[in-house]
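This report describes the nonpolar cores and the strand pairing of one protein model. Please read it alongside the sequence and the structure shown here.

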Amino acid sequence: MFKIFATVTCLTALALAVIGQTDYHDDERQGRGWNMLEGAKRSCVGMNGRPGICMGQSECTEVNGKSVGRCFPFDSCCSVTPNSCGGFSSSSTAYFQSPEKFQDVCSYKINVRRNVCQLRIDFERFSLGQPTNQTSESAYTCERDEFTLISNDDTKINVPVLCGENSGQHVYVPVNQQQSDSKNNNYNNKQQITLKFRLTARDEDYTDPEPYWKLKISQLECQTTSTNWWKIKDIARQVWDWEDEERDATRSKYSLAPEGCLQYFTDKHGSFESFNYNKGMGHYLGNLNYATCFRRNQDTCGIKYEAVRFQVAYNQRLTGSTDRDCDTVPAGESEQTTSTSGTTQPSTGTTQASAETTQAPTETIQPSSSTEEVPNGRSSRKRSSERGDYLLIPDGLYSSSRFASKYCDKSLENVDDSTVKTQGPLYVAFVSDDYSNPNEDVEKGYKINYSLTNTGC
């Protein structure tokens, strides 16, 4: 009897070890969220072998889970859809999609892997409520639906809050490189990034379509500067086929973005557009300041931009639609202008184009809005902020001999193209303020084709 008991015990221990090892590799390959929710929670198996997490019934309901069994002493075995609300992943590639049943708050957590420096989030599908403006003169903001990124300490990450239509867009998120505990393969000072949707219920007063999304989250490893363990591991995979092909297939093929770039395009030609462009029917958001960057090849000496559609707010008191014409003039403040050689020059202030064009992309910071009362009772930005709505194309040549760095109104539609020839980084930056013109619906955004050039330099 004792021998039988000992044999059963050994077989049980062996089975548990195999299951544990299988679970570990399955989690790496598939990024299952259910067994990662708040690591202290115990995993469980419910009816028909369905896996789950032990938690209170009310907590299970909050994460849109389903009770599939019981846990000792009073908890439920809660089964959670791994790639939807309440999900959790530590895999190199994960997917987060909208739930079948509406939830006003839907979050998904990413466990940042060791040796990872950036996340790339691809919005394969993204449709939320349109941005609105609280007053006729305020900028468009996400008041009803919003998508935000949150770090460990519940602070918003410096990525624009988004809403509206953004299918096909992407963003890069810098993260801190993590170290691992070689003894138990767990993270020390583990970093988590939370992707959070806050939504407004649809009713007779709110007729926007139902929200839906499917996001692809890729964890991008840091570039190695020496032959370390990670480099050796990669070489071993390639030479000896060390790990199975399925796991290798999950490794991201995306490139790391240069520091300070919210978006990064690596093809020699393509197109990019403003957030919520929505085929020219949307509105871009206020208080934006971000860079879109392009990878240069060894033979690249410049880049050409051709606008498919371009409509950005502008200073109606001026006429050039470039540089200072793109600076907002507060209501009630007079500004005299003089015309010289077909261009309009403001009587006060100096252009900032020359200073801005020499700077490479750096980390963008959302500027705080600043208002003041003006004589006619309207509230506007302080003049000293010198901000407006514009696309910054450093030293863009838009005719045979005319350069401009700030573009607004329909300026890029009115020229064949704008070309930049430089040995520095290739990028554009979009800036918007906290004001919208109540008399004209001009804050539509842009869609622009780009192509790298290696001739005429």
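The largest nonpolar core of this predicted model has 66 residues, and those with the most contacts inside it are Leu195, Phe197, Leu215 and Tyr305. A nonpolar core is a set of buried Ala, Val, Leu, Ile, Met, Phe, Trp, Tyr and Cys residues joined through side-chain atoms within 4.5 Å; buried means under 20% relative accessible area with a 1.4 Å probe, protein chains only. Apart from this core lies another, of eight residues, among them Cys261, Ala291, Cys293 and Tyr427.

Residues are numbered from 1 along each chain as its sequence is written, and side-chain values use heavy atoms, without hydrogens and water. In this predicted model, local features need pLDDT of at least 70 and side-chain atom pairs count only at pLDDT 80 or more, whereas totals for chains, interfaces and linings use all residues.

Strand β15 (residues 289-294) is largely enclosed by the rest of the structure, because five of its six residues are buried. Strands are DSSP runs (E, at least two residues), numbered from the N terminus, and two strands pair if DSSP finds at least two bridges between them.

| Strands | Direction | Bridges | Residues opposite each other |
|---|---|---|---|
| β13 (residues 263-265) and β15 | parallel | three bridges | phenylalanine 265 and phenylalanine 294 |
| β15 and β24 (residues 426-431) | antiparallel | six bridges | alanine 291 and alanine 429 |

Strands β3 and β4 belong to an open antiparallel sheet of four strands, in the order β1-β2-β4-β3. Its edge strands, β1 (43-45) and β3 (66-71), each pair on one side only.

Notes. Buried means under 20% relative accessible area, exposed over 50%, partly exposed in between (1.4 Å probe, protein chains only).
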